[in-house]
Amino acid sequence: MSSWEKYSDSIEKSRIYHERYHKAVANPVRKEILKMIAEGKSEEEIMEKLNLSKKELDYHLKILEWGFCIERKDGGWRITKEGEIIEYL
């Protein structure tokens, strides 16, 4: 079951889904992080390129995961269907 399917059975759940998603992609730093994940960059490369501490990166990754844009996969991150919006930004 996709993230959307879990939230699409009521207007209230749909509203929550969209609020979380929009908060995740509204931040320019998170947009850059999404692009870099899509390019296959490591967390270390992202931190270096964006001049972020581990704590700052972890915060942004948590928001992106909470907003349905990324998910853990094989010890790293992968872009979800929702995160593919990055191709259009």
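Two residues are taken to be in contact when heavy atoms of one lie within 4.5 Å of heavy atoms of the other. In the predicted model examined here, Lys23, Ala24, Val25 and Ala26 of helix H2 are in contact with Pro28, Arg30, Lys31 and Leu34 of helix H3. The two helices pack at an angle of about 85°, and their axes are 5 Å apart. An angle from 65 to 115 degrees counts as roughly perpendicular, so H2 is roughly perpendicular to H3. By residue class, the contact of H2 with H3 comprises five nonpolar residues, three charged residues and no polar ones.

Two packed helices are described by the angle between their axes and the distance between the axes. The axes of H3 and H5 cross at roughly 80° and come within 10 Å; H3 and H5 are therefore roughly perpendicular to each other. On the side of H3, the contact is formed by Val29, Arg30, Ile33, Leu34 and Ile37, and on the side of H5 by Leu57, Tyr59, His60, Leu61, Ile63 and Leu64. Nine of the residues in the contact of H3 with H5 are nonpolar, one is polar and one is charged.

Helices H4 and H5 pack with their axes 10 Å apart and at an angle of about 110°, which means that H4 is roughly perpendicular to H5. Glu43, Ile46 and Met47 of H4 take part in this contact, together with Lys54, Leu57, Asp58 and Leu61 of H5. The contact of H4 with H5 holds four nonpolar residues and three charged residues, with no polar residue.

The interior was examined next. In soluble globular proteins, nonpolar side chains tend to be buried together. The largest nonpolar core of the model has 19 residues, of which Ile33, Leu34, Ile37 and Ile70 touch the most other members. At least two residues of this core come from each of H2, H3 (28-38), H4 (43-50), H5 and strand S2 (76-79). When residues up to four places away in sequence are not counted, Ile33 touches Ile46, Leu50, Leu52, Leu57, His60, Leu61 and Leu64.

One aromatic pair is present in the structure. The ring centres of Tyr17 and Phe68 are 4.6 Å apart and the ring planes are at 25°, so the pair is stacked. Tyr17 belongs to helix H2 (residues 11-26) and Phe68 to the loop between helix H5 (54-66) and strand S1 (70-73), and the pair thus links distant parts of the chain, 51 residues apart. Tyr17 has a relative accessible area of 7% and is buried. Phe68 is likewise buried, with a relative accessible area of 7%.

The backbone was also considered. Most residues other than glycine have a negative phi, and most peptide bonds are trans. Phe68, although not a glycine, has a positive phi of about 70°. Asp74, also a residue other than glycine, has a positive phi near 50°. Asp74 is placed in the loop between S1 and S2. The relative accessibility of Asp74 is 77%, so Asp74 counts as exposed, whereas Phe68 is buried.

Glu43 is located in helix H4. Buried residues are those under 20% relative accessible area; the relative accessibility of Glu43 is 16%, so Glu43 counts as buried. Leaving aside neighbours within four places in sequence, Glu43 is in contact with Lys54, Leu57, Asp58, Leu61, Arg72 and Trp77. Glu43 and Lys54 are eleven residues apart along the chain, and their C-alpha atoms are separated by 8.4 Å.

Arg72 is located in strand S1. Its relative accessible area is 47%, and Arg72 is therefore partly exposed. With residues up to four places away in sequence not counted, Arg72 touches Glu43, Glu65 and Trp77. Between Arg72 and Glu44, which are 28 residues apart in sequence, the C-alpha to C-alpha distance is 16 Å.

Note on methods: Residues numbered from 1 in each chain as written. Heavy atoms only, no water. Phe/Tyr/Trp six-rings, centres within 6.5 Å; stacked < 30°, edge-to-face > 60°. Helix = DSSP H or I, 4+ residues; strand = E, 2+ residues; numbered from the N terminus. Buried < 20%, exposed > 50% of the residue type's maximum accessible area, 1.4 Å probe, protein only. Core = buried A, V, L, I, M, F, W, Y, C linked by side-chain atoms within 4.5 Å. Axes fitted to C-alpha atoms, helices over the stretch in contact; angles between N-to-C directions. Parallel < 35°, antiparallel > 145°, perpendicular 65-115°, else oblique. Nonpolar A, V, L, I, M, F, W, Y, C, P; charged D, E, K, R; others polar.
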